[in-house]
Amino acid sequence: MIHWSARRPAVVWATCAALLLAGSVAFTRLPLASRTTVELPRLQVSVSWPGAAAELVEMYLTSPMEAVIQSVRGVRKTSSESNEGGASIRIDLEPDTDVQLARLNIMERLEVIRPEFPSGASSPQLSNYAPEELEEAPLLRYGVTGPYTPGALGRIVRDEIEPRVSAVPGVASASSYNPAEIGVAVTYNAQQLRQIGISPQALSTALAGSRRVQALGEEAQGASERRVVLRDEPGALEELADLPVVGPGGRVYRLGEFASIRLDEDDRGYFNRINGQTAVSLSISRLPGADAIKTAAAVRELMSGLNASLPPGIQLRVQNDESVDLQKQLDELMLRGAIAFAAVMFVLALALRNVKSVTLVMGSAAVAIAGTALGLYLLDIPANLLTLAGLGMGVGILVQNGLVVVERLRSVPDTVEGRAQAGRRILPAVFGSTLTTAVVLFPFLYLQGNARAAFIPFAAAFALALGWSVLSAVIMIPALGAGHGMHGAGWPRMRAAYGRTVGRIVRWRWVTIVLTTVVLGVLAWGFVKKVPKSSFYGFGFGERTTLSANLSFPRGSDPESLDRGMREFEEIVVGVPGVEQVTTQGRPEGAFMQVVFEKEAGLGPLPYEMQEALTQRALLIGGAQVSVQGRGPGFYGGGGGGGISSYRVKILGYSFSGVEQLAKDLQRRLERIPRVRSVDINAGSFFRRERAITVVLEPDRAALARNGLTAADFANAVAREVRGPVGAQRLDIGGEEIEVTLKSAGTRERQLADLRNALLPNDAGTPIRIGDVARVEEREGLSSISREDQQYVRIVSYEFRGPPKLAERTHKAFMASITVPAGYWVGDDEFAWGADDSGKGLWLVFGIGVVLVILSVAMVFDSVWASAMVFLSLPLALAGVVAAFWIAKASFSREAAVGVILVVGLSVNQAILLVDAALEKRRNRMARAGATGKPQLDVADVVEAAEDRSGMIVLVTLTTIASLIPLAVGTDSDSLFGAIALATTGGTIAGTIGALFILPALLGGTRTAPPVPPPAPAPAPA
């Protein structure tokens, strides 16, 4: 193939041009997203039961569903949370389980028990689970404000905005959040009805019969047939007042005579504000294959044209636009990639000092990138910032193969045969170094959890690029290198000085080996003792600094107190320079406020100042439970000071009260530590309270029967006496479906004593108190129940303000001091970063990568000795990783561990180049000696091999570092690419030093070369 292409440069030119054009077109058509598309082996089930206490939800919904789910093959673990009014169950599957098949099996099992659900419970909803750091946020969030009530705003959004936005190409869904509902309240006076002798059930019957649309059959009229349809429904709200109600003696009354009928808007204690103004939030999500930037642009264009058709005063405000940050990050990435490309070109120009050499090397890299883009497009591999940044980091790696081939062309004649022969001879080294880099990507398939989902597209893209780089280097460069005018490498003085140094190292190799061993031991100690270890920082890009405040009052408190408390918080943060947006949402059990800071302000002291101000204000709110917490770059070690480390402790046990008591004990102990702040023993949920008060009615069936009442009559009567749309029905009034509720007057202000004294109508016409036929009492129950495999769960979170090393030592000491009773378990929880199995497979992947590298070298070179030499170079590269993190004082996170996996393949490239030259020397000596064994290299052989490949090794290292520095500068070493770049840079530099100065001492080399027999004299002519 190499010889064929070298003889046909025109064909190679045309192929490269076509590939560059196709790759450019494919790159422009790749759908871009900020995060990878995720399908983890997890599912989530959600179900609602309005008005039900957590204990009832757990007993009648959660437990039955958990029982059938755990019987499905492939289910490894279930975790549930039962709250007031609903529950959610997270299902962890075995890693090799087919997610779609398991989903179908679970849905079938849930449908079997669906008829056994209590009345009022919804059907279970099953969906794919994605953790927060991998779940793609809505593409756009709009806030709709205007001089209207929340219900009216919600109706405008649902009727006039959502349908149009959903029709935009690329939009998956448009959903609004608006808790207020507009309906019709029919309120009657119970005393007046009793005086007339009309039962409230008669009103309900009149409302239920007010809408009747029914096909009755067909009517023959001559030769034609006509369908007969009964259609009776109110055309306007006023017509409800004219509905007939039959009273005693057959007298017919109008509904409006003893019931008030009015439009009613019930927010049920919920509210939603943006920057202090009443608003309806609209979230817009994109389809998985749609381009985020183009889709967002189309939605913005539609929204700008909607203003003219909306009611006056409506304002559409963009709360969040993911495409803006994505575009900025993409532009920055392209700029950094261009700088990396230019830096690599500068290094090549400085070292090669030949225009055609630089052009051939960079051209081969460009062809490799174009081929990668085309492959991503044809294979439908999603392109996101992770894959693109990975390719940007790999610019220096992609030019290595071209650089090695160009270096070989310097030493051969500029002929077709010479260039083809040079390409063929260097092919094992090129293929070996590339294979060792590619094989470490294969074990990425064994990563678990979030790490697998995030890095599989990255590994696929990187493997494609490496494959294309081999083809472009060994085929394109020999074919297009005619007339290159390249000569042997320069820098003779440096080469001579290096040769003398290597000669001394080889002669005193035992001293070199001992010193190297000591250095490796010191670095290993430093990694264990000095380099802090941290958790997973996630795979997101452009994370913003946010501050959240949660406020709740005891059950039964004045609902207005919650609203007033949140308005006091809003006065502190709304309108402050540096604050981009303030979103406030409230519900009966609590309220939540999120403050989003501008990027620059979020990295300064402002988030800490606001956190302190909100905390101080919270102390003045009596009887409230308040939590103020920060998240994002400004709180994770930024914003001045020594940084904040967050920790979460999980408690498991079969007794809820025992778990609760253990959590309170840990809280008391943590609060005695001086640097610990914000201890929260309910960290699993925002609006969680310790206990909830439920009003329980236990009817006496015998008493009901004596008074001519059934359990259904009792339930309907009580429903009319309490707040809420229980028993509501929907009527089509004026072409619009509206919810109509029938309530007794005073339900909004009903107290417990009033409920006991409320009168129940019966057929005998004798009023009966609810308290006479049922026991009405308050009971204290659980507000939320979390379980894992039938064990109760409690999460204790806290923040440590101080250096990361001190935080880690303090946390480890605290965890080691905990002793728990039998049947309980306490350990670290990683919920804040998406608790999963991401860390479990890292060491397995690392080990598999090392084994594959050694096998690849043995396969390419067919030499156990060469494989052993490459293996000995790995500790040197890993020592460089440790030294980089120790010097930078950076935490070694799981991202850094992924970088180490890449280092395994990248750092041995330099060793492979040197070992390839040494192996060639060994073969030449064997050929000259004519022996069957493998003679040991002498000092001259080792020095000559090192000198031959030193320039190539230095150039490979310089190009790699030149591509990494533009992407790493200005990036936090604890971030995703900062950690990978730091690990790769340290490993590459250490691998280069090891290949140039330490590996020669390991290659052997006797002080005196073994004798080589002189060549046999030629036979005398006959």
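**Aromatic pairs.** I began with what counts as a pair: rings of Phe, Tyr and Trp (its six-membered ring) pair if their centres lie within 6.5 Å, and planes over 60 degrees apart make the pair edge-to-face. I kept in mind that this is a predicted model. How many aromatic pairs does the structure hold? I found four.

I then looked up one of them, tryptophan 49 with tyrosine 60. The ring centres are 6.4 Å apart and the planes stand at 90°, so I noted the pair as edge-to-face.

Next I asked where the two residues lie. Tryptophan 49 is in the loop between β2 (42-48) and α3 (54-70), while tyrosine 60 belongs to helix α3, so the pair ties together parts eleven residues apart in sequence.

Is tryptophan 49 buried or exposed? I read 12% relative accessibility for tryptophan 49, which counts as buried. For tyrosine 60 I read a relative accessible area of 44%, which makes this residue partly exposed.

**A patch on the surface.** I turned to the nonpolar patch formed by Met1, Trp4 and Val11, and noted about 330 Å² of accessible area for them together. I placed valine 11 in helix α2, residues 9-29. Its relative accessibility is 41%, so I put valine 11 down as partly exposed.

**Helix α19.** My last stop was helix α19, residues 606-618. I noted 13 residues and a reach of 18 Å from the first C-alpha to the last, close to the 18 Å expected at 1.5 Å a residue. Which residues of α19 are buried? I listed Leu606, Pro607, Tyr608, Met610, Gln611, Leu614 and Ala618.

How values were computed. Residues are numbered from 1 along each chain as its sequence is written. This is a predicted model: local features need pLDDT of at least 70, side-chain atom pairs count only at pLDDT 80 or more; totals for chains, interfaces and linings use all residues. Side-chain values use heavy atoms; hydrogens and water are left out. Rings of Phe, Tyr and Trp (its six-membered ring) pair if their centres lie within 6.5 Å; planes under 30 degrees apart count as stacked, over 60 as edge-to-face and the rest as tilted. Helices (H or I, at least four residues) and strands (E, at least two) are DSSP runs, numbered from the N terminus. Buried means under 20% relative accessible area, exposed over 50%, partly exposed in between (1.4 Å probe, protein chains only). Patches are made of residues with over 30% relative accessible area and no salt bridge: like charges are joined within 9 Å, nonpolar side chains (Val, Leu, Ile, Met, Phe, Trp, Tyr) within 5 Å. Accessible areas come from the Shrake-Rupley method with a 1.4 Å probe; for residues, only the protein chains shown count as cover. A salt bridge is a side-chain nitrogen of Lys or Arg within 4 Å of a carboxyl oxygen of Asp or Glu. The expected span of a helix is 1.5 Å times one less than its number of residues.
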